[in-house]
Amino acid sequence: MKKADYIILSGLLLLGILLTFIIFRPSGNKPAMLEVRQNGSLLMTFPLTDNITKTIEDKNGSKNVFTIQDGIVTMTEANCGDHTCIQTGKIANTGESIVCLPHRLVLQIVSEQESDELIPDAVVH
């Protein structure tokens, strides 16, 4: 390898590191909300500033319990077979989610500016 090759590789490495910091930097103090959806329908929304424990039950006997504590969301209990939703762990950043596939339940953190009415699920012509 020549000296120019080392310079190019070093530049690409620095560019990669810079892009990583830009993409994954903390979002600052943007308020975030937790959206709770079941079967694709929005059930409820909570600000991450609330400290709550909520139980979601449906007529089929599905039961999930989640907690928001200090801006961190965890699924603490579920009566599904695989418990993947509990094993997901903690979420706290916009875009992260916890999914209970057997119960078709999704907990997703969204920014406060995002609105269900402004984001279409599909466009049909």
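In what order do the elements of the protein run from the N terminus on? They run α-β-β-β-β-β-α-β-β.

## Model and overall make-up

This is a predicted model, in which local features need pLDDT of at least 70 and side-chain atom pairs count only at pLDDT 80 or more, while totals for chains, interfaces and linings use all residues. Residues are numbered from 1 along each chain as its sequence is written, and side-chain values use heavy atoms, with hydrogens and water left out.

The secondary structure comes to 2 helices and 7 strands. Helices (H or I, at least four residues) and strands (E, at least two) are DSSP runs, numbered from the N terminus. Of the 125 residues in the protein, 26% are buried. Buried means under 20% relative accessible area, exposed means over 50%, and partly exposed is in between (1.4 Å probe, protein chains only).

The protein exposes about 9,000 Å², and carbon and sulfur atoms supply 57% of this area. Accessible areas come from the Shrake-Rupley method with a 1.4 Å probe; for residues, only the protein chains shown count as cover. Among contacts (heavy atoms within 4.5 Å) between residues at least 6 apart in sequence, 29% join residues at least 24 apart.

## The nonpolar core

A nonpolar core is a set of buried Ala, Val, Leu, Ile, Met, Phe, Trp, Tyr and Cys residues joined through side-chain atoms within 4.5 Å. The largest one here has 19 residues, of which Leu34, Val36, Phe66, Val73 and Leu107 touch the most other members. Two or more residues of this core come from each of β1 (32–38), β4 (63–69), β5 (72–78), β6 (97–100) and β7 (105–111). In soluble globular proteins, nonpolar side chains tend to be buried together.

Phe66 has contacts along much of the chain. Leaving aside neighbours within four places in sequence, Phe66 is in contact with Leu34, Val36, Phe46, Ile52, Thr53, Lys54, Ile56, Thr74, Met75, Thr76 and Leu107.

## Strand β4 and its partners

Strand β4 is mostly covered, with 5 of its 7 residues buried. Two strands pair if DSSP finds at least two bridges between them. On one side, β4 pairs with strand β3 (residues 52–57) in the antiparallel sense over 6 bridges. Thr53 stands opposite Thr67 in β4. The hairpin of β3 and β4 has 5 residues between the strands, and Gly61 there takes a positive phi near 90°.

β4 also pairs with β5, in the antiparallel sense and over 6 bridges. In β5, Thr74 is the bridge partner of Thr67, and Val73 is that of Ile68. The hairpin of β4 and β5 has 2 residues between the strands.

## Salt bridges

How many salt bridges does the rule give? The count comes to 2, a salt bridge being a side-chain nitrogen of Lys or Arg within 4 Å of a carboxyl oxygen of Asp or Glu. Glu35 forms one with Arg37, the closest N and O atoms being 3.2 Å apart. Both Glu35 and Arg37 are buried.

The side chains of Lys63 and Glu77 also meet in a salt bridge, at 3.5 Å from N to O. Lys63 lies in strand β4 and Glu77 in strand β5, so this pair ties together parts that are 14 residues apart in sequence. Lys63 is partly exposed at 28% relative accessibility, and Glu77 is partly exposed at 38%.

## Surface and loops

Met1, Tyr6, Ile8, Leu9, Leu12, Leu15, Leu18, Leu19, Ile22, Ile23 and Phe24 make a nonpolar surface patch of about 1,200 Å². Patches are made of residues with over 30% relative accessible area and no salt bridge: like charges are joined within 9 Å, nonpolar side chains (Val, Leu, Ile, Met, Phe, Trp, Tyr) within 5 Å. Leu19 is found in helix α1 (residues 3–23) and is partly exposed, with a relative accessible area of 42%.

Gly40 is found in the loop between β1 and β2 (41–47) and is exposed, with a relative accessible area of 58%. The C-alpha atoms of Gly40 and Val106 are separated by 8.3 Å, although the two residues are 66 apart along the chain. Asp70, in the loop between β4 and β5, has a positive phi near 55° in a residue other than glycine. Asp70 counts as exposed at 61% relative accessibility. His83 lies in the loop between β5 and α2 (84–87) and has a positive phi of about 60° although it is not a glycine. At 29% relative accessibility, His83 is partly exposed.
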